[in-house]
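Please read it with the structure open.

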Amino acid sequence: SREGKQQTPTPTPTPHRRMAGGLLRPRSNRYRHLLDWLLHVNRGRQVKLGLQNMQDMMTKLGPGFRDEHLKILHVAGTNGKGSVCWKLAKTLEDMGFKVGLFSSPHISSFRERVSVNGEPISEEEIEEILP
């Protein structure tokens, strides 16, 4: 009889499964395919230096995207961008701001590249955003 015995709750599924060596494996095939496409879409293309890409993006986003309350920091340079951005983000979060951070490359999971207040983007959000 099971009476009197406590049942162990079923663990909540995690967004990743551990593989040998401690690496994380995505749960969704669609997510895997999107990452493969995204990480290879610009392979072999020449790097375009300067701010023109950022200006073009802001133009394409249109005036509805512009918000006088939205402040953007664009950190550029040769070395230390990731560390500087992470420290700036943490400082601004500690001051009470809502902070979105994009950083590249990632270390162990693509999800590290996009975060809000230190919380990485979910696989489901990536699937919604990408085509």
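1. Ser104 is partly exposed, with a relative accessible area of 43%. For the terms used here, buried means under 20% relative accessible area, exposed over 50%, and partly exposed in between (1.4 Å probe, protein chains only). Ser104 sits in the loop between strand 3 and strand 4; helices (H or I, at least four residues) and strands (E, at least two) are DSSP runs numbered from the N terminus. Its C-alpha atom is 8.9 Å from that of Val114, 10 residues apart along the chain.

2. Some ground rules. This is a predicted model, in which local features need pLDDT of at least 70 and side-chain atom pairs count only at pLDDT 80 or more, while totals for chains, interfaces and linings use all residues. Residues are numbered from 1 along each chain as its sequence is written, and side-chain values use heavy atoms, with hydrogens and water left out.

3. The peptide bond from Ser104 to Pro105 is cis, with omega near 5°. Pro105 belongs to the loop between strand 3 (100–102) and strand 4 (114–116). Asn117 has a positive phi of about 50° although it is not a glycine. Most residues other than glycine have a negative phi, and most peptide bonds are trans. Asn117 is in the loop between strand 4 and strand 5 (119–120), and at 37% relative accessibility it counts as partly exposed.

4. On confidence: pLDDT is the predictor's confidence in each residue, from 0 to 100. The mean for the protein is 78, and 80% of its residues reach 70 or more. Helix 3 has the highest confidence, at 94, and strand 1 (residues 16–18) the lowest, at a mean of 46. Over residues 1–23 pLDDT stays under 50, and the model has 22 contacts beyond four places in sequence for them. Contact means heavy atoms within 4.5 Å.

5. Overall layout. The protein has four helices and five strands, and from the N terminus on its elements run β-β-α-α-α-β-β-β-α. Of the contacts with a separation of 6 or more, 33% are between residues 24 or more positions apart. Buried residues make up 18% of the 131 residues. The accessible surface comes to about 11200 Å², of which 56% belongs to carbon and sulfur atoms; accessible areas come from the Shrake-Rupley method with a 1.4 Å probe, and for residues only the protein chains shown count as cover.

6. Which residues form the largest nonpolar core? There are seven: Tyr31, Leu34, Leu35, Phe110, Ile121, Ile126 and Leu130. Helix 1 (residues 29–40) gives the most to this core, with three residues. A nonpolar core is a set of buried Ala, Val, Leu, Ile, Met, Phe, Trp, Tyr and Cys residues joined through side-chain atoms within 4.5 Å. Beyond its neighbours within four places in sequence, Leu130 is in contact with Arg30, Leu34, Trp37 and Leu38.

7. In soluble globular proteins, nonpolar side chains tend to be buried together. On the surface, however, Leu51, Met54, Met57, Leu61, Phe65, Leu70 and Ile72 form a nonpolar patch, with about 610 Å² of accessible area together. Patches are made of residues with over 30% relative accessible area and no salt bridge, with like charges joined within 9 Å and nonpolar side chains (Val, Leu, Ile, Met, Phe, Trp, Tyr) within 5 Å. Leu70 is in the loop between helix 2 (52–61) and helix 3 (81–94) and is partly exposed, at a relative accessible area of 42%.

8. How many salt bridges does a search of the whole structure find? It finds one, in which the side chains of Glu93 and Lys90 meet (3.5 Å, N to O). A salt bridge is a side-chain nitrogen of Lys or Arg within 4 Å of a carboxyl oxygen of Asp or Glu. Both residues lie in helix 3, three residues apart, about one turn of the helix. Glu93 is buried, with a relative accessible area of 19%, whereas Lys90 is partly exposed at 28%.

9. Leaving aside neighbours within four places in sequence, Glu93 is in contact with Val99, Asn117 and Gly118. Val99 lies in the loop between helix 3 and strand 3 and is buried, at 10% relative accessibility. With such neighbours again set aside, the contacts of Val99 include Ala89, Leu92, Ser115 and Val116. The C-alpha atoms of Val99 and Lys71 are separated by 9.7 Å, at 28 residues apart along the chain.
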